[in-house]
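Trainee: I would like to learn how to read the features of a structure. Please take them one at a time, with the rule and then the case.

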Amino acid sequence: MDATIFTFLNMGALLGWTFVLFLLLSQLSATQAFLPLIIQQLTLPFFDTPIFDTTTSFPDDRLPIINLLLFLEGICFIEVGRIAIGQLKGNLVLGVILHLIRMSCLLIVLPAGLTSPSDTKVMISTLVLYSWALTEVGRYPMYLFPSSAMARYVRLVLPIVTFPVGAFAEAVGAYWHLKQLLLVGADDAATRSPFHWVQVGLLIMVVGINSLLGPTMAYPALLKKGLPVLLGKNDKSKSTRKKKD
């Protein structure tokens, strides 16, 4: 495919994630005080949904913001496919696992969490969205401006903060939802549905990976790349090599 197509995809993804971040910020009471009424009226429907029954299979009616995120995740899967065929540099296994976790959260955890009567569950789900949006808004500029030192700095440093917050929130949200699914009685019709056990399996995966592999493997790898950039060691090592040459 022509490189121009992927450039437009990256631009669309950056605009999409920026819009998601704007939607999240627009829901803050402090922000709403400064937003025109028409903007509030346009952003609020993205978080409106019918009541979601957490004991059933995947919801028929999703939050509009979830549908937007599913579209943006589709672009991410195109990137994973490009890594698989060698068009992009990246860790294929990590990419597949990361976006499988995101899809599990989008289809199972977040629809229930964002519409929960519990403020704590809503907060955890919102933290997940903030971590994703900030990470992606910081990631795509490096694809669009690969020679930019600032874009590279943001890309490598920002996940040092957003990754642990997002991984923790995903694991907590998945655990709460998993606990609720497992409390369903054995005679309940939901437990006889294949979707019920698919959800259970996916949520166990999210909790396990985020609790065990995230802190021990994924985050140390991020620190290995990001900390030298944050501390300016990369620039010092480059200047030292130039002086030696």
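Trainee: Is His99 buried or exposed?

Mentor: The scale is relative accessible area: under 20% is buried, over 50% is exposed, and partly exposed lies in between, using a 1.4 Å probe and protein chains only. His99 has a relative accessible area of 6%, so the residue is buried. Before we go on, note that this is a predicted model: local features need pLDDT of at least 70, side-chain atom pairs count only at pLDDT 80 or more, and totals for chains, interfaces and linings use all residues. Residues are numbered from 1 along each chain as its sequence is written, and side-chain values use heavy atoms, with hydrogens and water left out.

Trainee: In which helix is the place of His99?

Mentor: Helices are DSSP runs of H or I with at least four residues, strands are runs of E with at least two, and both are numbered from the N terminus. His99 belongs to helix H5, which covers residues 92–114.

Trainee: Which side chain does a polar contact join to that of His99?

Mentor: A polar contact needs a pair of N or O atoms within 3.5 Å; within protein, one must be able to donate a hydrogen and the other to accept it, and residues adjacent in sequence count only if both atoms are side-chain atoms. Here the partner of His99 is the side chain of Glu73, at 2.9 Å.

Trainee: How many aromatic pairs does a search of the whole structure find?

Mentor: Rings of Phe, Tyr and Trp (its six-membered ring) pair if their centres lie within 6.5 Å; planes under 30 degrees apart count as stacked, over 60 as edge-to-face and the rest as tilted. The search gives three aromatic pairs. One of them is edge-to-face: Phe19 and Phe46, 5.4 Å centre to centre with 75 degrees between the planes. This pair links distant parts of the chain, 27 residues apart: Phe19 is in helix H1 (residues 3–26), while Phe46 is in the loop between helix H3 (37–43) and helix H4 (64–84). Phe19 is partly exposed at 32%, and Phe46 is partly exposed at 22%. In another pair, Phe163 and Tyr219, the ring centres are 5.9 Å apart and the planes are at 5 degrees, so the pair is stacked. Phe163 lies in helix H8 (residues 159–182) and Tyr219 in helix H9 (residues 194–230), so the pair ties together parts that are 56 residues apart in sequence. Phe163 is partly exposed, at 23% relative accessibility.

Trainee: Over the face of which residue does Arg82 lie?

Mentor: A charge sits over a ring if NZ of Lys or CZ of Arg is within 6 Å of the ring centre and within 35 degrees of the ring normal. Arg82 lies over the face of Phe6, 3.6 Å from the ring centre. Arg139 lies over the face of Tyr140, with 4.5 Å to the ring centre.

Trainee: How many helices and strands does the chain have?

Mentor: The chain has ten helices and zero strands. Of its 245 residues, 38% are buried.
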